[in-house]
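Here is a short report on a two-chain model. Please look over the sequence and the coordinates before reading on.

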Amino acid sequence: MTKSRKATNRVFLVILIVLAIVSLFPVIWVALSSFKPQNELFSSPMTFFPKTWTLGNYISAISQGNFARYFMNTVFVACVSTVLTVLINIMAGYALAKYYFRGRNLIFGLMIATLMVPLQVIMIPIFLQLKNLGMLNSLWGIIIPPAATPTGIFLARQYMVNLSNSMIESARIDGAKELRIFVRIILPLSQPIIATITIFSFMWRWNDYLWPLIVITDNDKMTMQQALANFVGQLQINWSNLLAMTTISIIPVLIVFFAFQKFFMSGITAGSVKG
Amino acid sequence: MKKLKKKDERIHVRTKGNFHQTLAPMLFLAPNILIFLLFIIIPLFQGLRMAFMDWGIFTVPEFVGLKNFANLFKDEVFLITIKNTIVYSFFAVVLLTVVSLCLALMLSRNSMKGERVFRAVFYIPSLLSMIAVGIAWRFILGDEMGIVNYVLRSMGGSGVKWLTDGNLAMMCVILVSVWASSGYYMIMFISGLQAIPNELYEAATIDGSSPWNTFWRITLPLLRSTVLVVLVLATIASFKAYELIVTMTKGGPGYATKFIVQQVYQVAFQEDRMGYASAMSIVLMVIIGIFTLVQFKFAGKDGQYD
């Protein structure tokens, strides 16, 4: 029994190591290649590690054109959008979990039902709506509309339903105002779910391409994913610069992932929803 | 979806007759409701209306009845994108489910060191934007200067037209999607597997059940709802696919890897035929809507939507 288990483990280990290489190779290859000088990138023989390491691609990617601007735009959008997303979805989740009022199940059901209407199917009327509201070509046009996510509300409500009511009730008997209860009691108790929503929201907004594509046409307002896609759209791709830009664009999500790994896992498990 | 009842243990918070407490939840909900109204509900109805009209930025909208929908079925490019999307979805979903389930089975046995490290490693591709994924694989699979063709050539073979031959390009897009998303679904499978009580496996072992038998008789039946959720989520995601091909193939060669969403975007924003593109969106929405409803049905059984 243990012998066969050991044998299975060994076979699995070999398979897993092969798959792990397949899984990581593209990322590592892009990152390593971004440190190769331009004349080495496609020269034969190719080497895994750069023969001469250089930061030249990064320097030219950052100094050329608007790249620093795109990076800052993306940081701004991802951060502000995440704060807004967490705040309004936690508020909504609280209202749906801890208050009893007529129509609350209906409201919750309708909000979850909007999962059926992803941006991909309403991008044309969304574009017109943002145009009417004067939000085209504004970073707020990619911050506000996606902030109310059904996934966020769902995660927040499911978490808060299980919070104890006694603290809320005793605070109410002591005469605390509703907002005060929310800020002083609910927010501190909801830290794990706040962390989960924060991480996912940051990642969604950082990696977002379709929203900026619809909302932003002004070069100064573009985000990094848009810039990367435009860079690929050119007739002659400057691969050295592109790889440096791609590597820079990947680093923030990797940092967030390694810092908050356990919240990633619990978020996927609890939600089973992608937004 | 289980409804919360007034008598539910969890809801002691009474709000009756207290103005402040009835108003408070509405205020907490207000920002969300406002955003949903402005950016989902109103556009949704607007989109439905536009599908029955000739609509462009520079033309006066005109009601045309079902003309847009009738034209859809004569539109060769649209029919090709529908076919491509279905082919892509079918293979991507089947492969994704099988691969992520296999990964989960290997990594949830608690009998090997490093299971957690492997989980993290397989999850990493899911962190990347599809734009970056497309760039990375285009760099790897490039005809002349990609590493794969370089290795093939240096071993005496000839280069393969990974992204410039229609069928091969579609295959690459499918495989890259599997590469990019299987870690995400793997995590869902792992949590599903961990919910299966250990006693069942112990009993099966005592009864002399082979691992193969145990998988088909115990694991898979108990994992049924997770399998369905993964199938449906992956199907919805693949019908929405767009970003990957923007950087990986640009929809080409020709129309070989062009999907519905790319066609909608092009017809609406580059050809300015927004009414016609809205009709395409409606078709897409109906497809996605059906799969989402299926998801609710099965996920609801599993209690995941409570």
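## Chain A

How many helices and strands are there in chain A? Chain A has 15 helices and zero strands. The model is predicted. Chain A is more spread out than a compact globule, because its radius of gyration is 23 Å, well over the 19 Å that the globule rule gives for 275 residues.

Along the principal axes, the C-alpha atoms of chain A fill a box of roughly 75 × 70 × 35 Å. Buried residues account for 45% of the 275 residues of chain A. Take the contacts in chain A between residues at least 6 apart in sequence: 77% of them join residues at least 24 apart.

## Around Gly152(A)

Gly152(A) sits in helix α8 of chain A, which covers residues 150-161. Is Gly152(A) buried or exposed? Gly152(A) is buried, because 28 other C-beta atoms lie within 10 Å and the cut-off for a buried residue is 20 or more.

Which residues does Gly152(A) touch, leaving out those up to four places away in sequence? They are Thr85(A), Asn89(A) and Ile197(A). Ile194(A) is 42 residues from Gly152(A) along the chain. The C-alpha atoms of Gly152(A) and Ile194(A) are separated by 9.5 Å.

## Chain B

Chain B has 13 helices and two strands. Its radius of gyration is 24 Å, whereas a compact globule of 306 residues would have one near 19 Å. The C-alpha trace of chain B spans about 85 × 75 × 30 Å along its principal axes.

Of the 306 residues in chain B, 42% are buried. Contacts in chain B between residues at least 6 apart in sequence can be split by separation: 70% join residues at least 24 apart.

## Helix α12 of chain B

Helix α12 of chain B runs over residues 260-270. Its buried residues are Ile260(B), Val261(B), Gln262(B), Gln263(B), Val264(B), Val267(B) and Ala268(B). Just after α12(B) comes Asp272(B), with a positive phi of about 55 degrees.

## Where the chains meet

How many residues of each chain are in contact with the other chain? The contact involves 78 residues of chain B and 76 residues of chain A. On the chain B side, helix α1 (residues 19-50) gives the most, with 20 residues.

What is the make-up of the side of chain B that touches chain A? This side holds 55 nonpolar, 17 polar and six charged residues.

Key: Residues are numbered from 1 along each chain as its sequence is written. Chains are lettered from A and ligands numbered from 1 in the order in which they are written. This is a predicted model: local features need pLDDT of at least 70, side-chain atom pairs count only at pLDDT 80 or more; totals for chains, interfaces and linings use all residues. Helices (H or I, at least four residues) and strands (E, at least two) are DSSP runs, numbered from the N terminus. A residue is buried if 20 or more other C-beta atoms lie within 10 Å of its own, exposed if 12 or fewer, and partly exposed in between; C-beta atoms are placed from the backbone. Two residues are in contact if their C-beta atoms, placed from the backbone, lie within 7 Å. Ala, Val, Leu, Ile, Met, Phe, Trp, Tyr, Cys and Pro count as nonpolar, Asp, Glu, Lys and Arg as charged, and the others, Gly among them, as polar. The radius of gyration is taken over C-alpha atoms; the globule rule is 2.2 Å times the number of residues to the power 0.38.
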